[in-house]
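Thanks for coming. Please have the sequence and the structure open while I talk, and stop me if you lose the place.

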Amino acid sequence: MPVRTSAPLPPEDPVPHLSRRSLLLSAAVAAGAGPLAAVARAADRTPKVLVIGLDGALLSRIKDADAPHLKALMAAGLTAPSSIYADPLAPTLSGPGWSTIITGVWPDKHNVKDNAFTGARFTRYPDFLTRAETAKPALSTYAVASWAPLTDTVFSAKVDTRVSTPSAEYDTGTTSRAVARLRDGDPDAVFVHLDNIDHAGHTYGAASPQYLDALHGADAQVGQIVAAVRARPAYAAEDWLIMVTADHGHTDAGGHGGSTLQERQTFLIATGSALAPGSVRHDVKMPDVAASALAHLGIPLDPGWGLDGRPVQQPVPDDFDALRGSLATRVDETGIPAALAGFTHTPPPGWSVDNSAMGGGGVTEWRGWSFTTDEFWTQAQRDQNRESNIRARGVFAVADGDEWADKPYTGTFDSTLVSPAYPVTGGGTAVLTYTTYYRHESPQKGEVLVSYDGGTPVSVRTYTADVPSRTETVTLQVPAGATSARVRFRYTGGNNWYWVIDGVRIGTA
């Protein structure tokens, strides 16, 4: 178990209360209905945020457990299963996991690789409470944790109150402190960390009844904390965004740090005025917690911050995600669970795949560009860096020559993913953006080509070396008179590596 440092229960430190309007108000008024309309109705209330971290909790086991309070939150708002990285980006440990959640960036930015926080870049990528204090110093911020490194190291001294619960009090003390602050104070943003689920996972394993008992106990503590929010005298005039999340999962036998999907599992359960009751989404990632908290507090997200998260209140439609309902189960793959639906070769409307030069045979799932999910693709073969595909969300496109070549094949892998025609203005500039992740082995090549009004495609970017998961931006010089642009992603190779594409858009400069 982690070492915890003792800290006395700090006195209340009330601050003047400010009324803030949601940054989504204008869009909500324009929409007039749905979740944004709910935001408009909530705009006259004071926005507040509560984040509860359940260390080592698995969403699948919450569903199995006697957990009425967590299940009530799921029924009242959003449930978003998600997954994280593995080595070499970072092991599935608490240090990297909580740093990702709290800062809103992935480990390749915050640089936390272990529980010692060696080399952490918290000055460059501070915690979300520090960002809130910097943007709006009058806000009252509070963090309390059963694992002391969070409140001693990750959250900065700029946070109004940081409490590392004494070891002897553990989650009981953390809960009582959170309840007291919510009941007797006037905090605007609160973070609470509970640890006992992780303790049960290490001691007994995630498949054990003791792990379910720990989930039941944590659920009761979540119930106390949420009840303290709802019992506040000013609750009717407040607009609370409540988020519950976890830093990593656990194996059935117990433990984490490795690359199994169970260790890489996390989730977000969230309720708030902009979130539909009973909704389920698959496009949510760990850094979204920090971004969602800041957006709810009315703090504009500065692109210069380099956040990887985006607010869950502001979903970004993606063509590939529409394929989730049509994904199929495995055909030739053997390591992927037989019941897991996770791939299709049928593109979304407007998209196409040109396999006219594609070799024959090979593994069916990866014959040419495929549309898949993290859960499906990473289980095709672990520990070949597929787990580092962190910035693609939901359903994404992948060309995987390595997996395709695992059965007898002829020819080479030569497949082109073709986008719809995007409107552009002739004689001006346009910006092509997409999320990519490319692992290279010669003679493999990835090429991005653009054509205008059905003309000859022109290469605008070529990949012949490893590219980590990132968002690419390509400025396009649109020919005079052109009205549309189409993008092609051509992958050529054989028994080499892979290329991921997601979130493709062309917009104005």
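This is a predicted model: local features need pLDDT of at least 70, side-chain atom pairs count only at pLDDT 80 or more; totals for chains, interfaces and linings use all residues.

A residue counts as buried when its relative accessible area is under 20%. Of the 11 residues of β16, 9 are buried, so the strand is largely enclosed by the rest of the structure.

What does β16 pair with? Strand β19 is joined to β16 by 9 bridges, and the two run antiparallel. Within that pairing, Thr429 has Gln477 in β19 as its bridge partner. Strand β21 is also joined to β16 by 9 bridges, again running antiparallel. There, the bridge partner of Arg439 is Tyr498 in β21.

Next, the open sheet. It has 5 strands in the order β10-β15-β20-β17-β18, with antiparallel pairing. Which strands are at the edges? They are β10, residues 352-354, and β18, residues 458-463, each of which pairs on one side only. From one strand to the next, the twist averages 20°. Strand β17, residues 445-452, pairs with β18 over 5 bridges in the antiparallel sense.

Now the nonpolar cores. The largest one has 51 residues, and the members that touch the most others are Trp369, Leu417, Leu432, Tyr434, Phe489, Trp499 and Ile506. Elements that each supply at least two residues of this core include α13, β13, β15, β16, β17, β19, β20 and β21. β21 gives the most, with 6 residues.

Take Phe489 as an example. Leaving aside residues up to four places away in sequence, Phe489 touches, among others, Trp369, Leu417, Tyr434, Val448 and Trp499.

How many of the residues of α12 are buried? The count is 9 of 9, so α12 is largely enclosed by the rest of the structure. Asp288 and His296 are among these buried residues, along with Val289 and Leu294. What do they pack against? The partners are strands β1, β6 and β7 and helices α5 and α7. Just after α12 comes Gly298, with a positive phi of about 80°.

Last, two helix pairs. Two packed helices are described by the angle between their axes and the distance between the axes. Helix α10, residues 196-204, and helix α11, residues 209-230, pack at about 175°, with axes 9 Å apart. That angle makes α10 roughly antiparallel to α11. In this contact, Asn196, Ile197, Ala200, Gly201 and Tyr204 of α10 meet Gln210, Tyr211, Ala214, Leu215 and Ala218 of α11. By class, the contact has 7 nonpolar residues, 3 polar and no charged ones.

Helix α11 also packs with α4, residues 68-76, at an angle of about 55°, and the axes are 7 Å apart. The helices α4 and α11 are therefore oblique to each other. From α4, the residues are Pro68, His69, Leu70 and Leu73, and they meet Asp219, Ala220, Val222, Gly223, Val226 and Arg230 in α11. The residues of this contact divide into 6 nonpolar, 2 polar and 2 charged.

That is the end of my part. Questions are welcome.

Methods
Residues are numbered from 1 along each chain as its sequence is written. Side-chain values use heavy atoms; hydrogens and water are left out. Axes are lines fitted to C-alpha atoms, for helices over the stretch in contact, and angles run from 0 to 180 degrees between N-to-C directions. Helices (H or I, at least four residues) and strands (E, at least two) are DSSP runs, numbered from the N terminus. Angles under 35 degrees count as roughly parallel, over 145 as roughly antiparallel, 65 to 115 as roughly perpendicular and the rest as oblique. Contact means heavy atoms within 4.5 Å. Ala, Val, Leu, Ile, Met, Phe, Trp, Tyr, Cys and Pro count as nonpolar, Asp, Glu, Lys and Arg as charged, and the others, Gly among them, as polar. Two strands pair if DSSP finds at least two bridges between them. Buried means under 20% relative accessible area, exposed over 50%, partly exposed in between (1.4 Å probe, protein chains only). A nonpolar core is a set of buried Ala, Val, Leu, Ile, Met, Phe, Trp, Tyr and Cys residues joined through side-chain atoms within 4.5 Å.
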